[in-house]
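Subject: Structure handover

Hello,

Here is the structure I said I would pass on. My notes on it follow below.

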Amino acid sequence: QVQLVESGGGSVQAGGSLRLSCAASGRTFSNYLMGWFRQAPEKEREFVARISWSVGSTYYADSVKGRFTISRDNAKNTVYLQMNSLKPEDTAVYYCAGKEGGSSWSSGSWGQGTQVTVSS
């Protein structure tokens, strides 16, 4: 089983930036996909971005495309989410997740979440 620990959340004004980190441990990740999700109060959890651990291919939700960048550092077993031009609607708890390729996110590993608050 993979253990995931997020960090880097906080409060920022609209237009600002934050970088989230997700440290992974517990196994090797050659066929793994890593993703970021978020959940705002009284809303469903939604997909934000994902990256292939092996080749680094990325995919983003339309709502964050052009503002957020997901990346990984293989040597540190860490995935990052650089968030720029933040908007109040980006306020949510952000979760890091990991799964085997071809399986569902719900069957994968999840971090504990980190709060991001964007004020107008």
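Are F37 and W105 buried or exposed? Both are buried. Please keep in mind that this is a predicted model.

Aromatic rings

There are five aromatic pairs in the structure. One of them is F37 with F47, an edge-to-face pair with 5.7 Å between the centres and 75 degrees between the planes. F37 sits in strand β4 (residues 32-39) and F47 in strand β5 (residues 46-52), 10 residues apart. The relative accessible area of F37 is 9%, which makes F37 buried, whereas F47, at 23%, is partly exposed. F37 also pairs with W105: the ring centres are 5.2 Å apart and the planes stand at 70 degrees, so this pair is edge-to-face. W105 belongs to the loop between β9 and β10 (109-110) and F37 to strand β4, so the pair ties together parts 68 residues apart in sequence.

Ring pairs join F37, F47, Y59, Y95, W105 and W110 into a cluster. R45 places its charged end over the ring of Y95, 3.9 Å from the ring centre. The charged end of R45 also sits over the ring of W110, there 4.7 Å from the centre.

Disulfide

Searching the whole structure turns up one disulfide. It joins C22 to C96, with an S to S distance of 2.0 Å. The link of C22 and C96 is left-handed, at -75 degrees about the S-S bond. C22 is in strand β3 (residues 18-25) and C96 in strand β9 (residues 92-100), so the pair ties together parts that are 74 residues apart in sequence. Both C22 and C96 are buried.

Regards

Methods
Residues are numbered from 1 along each chain as its sequence is written. This is a predicted model: local features need pLDDT of at least 70, side-chain atom pairs count only at pLDDT 80 or more; totals for chains, interfaces and linings use all residues. Side-chain values use heavy atoms; hydrogens and water are left out. A disulfide is a pair of cysteine sulfur atoms within 2.5 Å. Helices (H or I, at least four residues) and strands (E, at least two) are DSSP runs, numbered from the N terminus. Buried means under 20% relative accessible area, exposed over 50%, partly exposed in between (1.4 Å probe, protein chains only). Rings of Phe, Tyr and Trp (its six-membered ring) pair if their centres lie within 6.5 Å; planes under 30 degrees apart count as stacked, over 60 as edge-to-face and the rest as tilted. A charge sits over a ring if NZ of Lys or CZ of Arg is within 6 Å of the ring centre and within 35 degrees of the ring normal.
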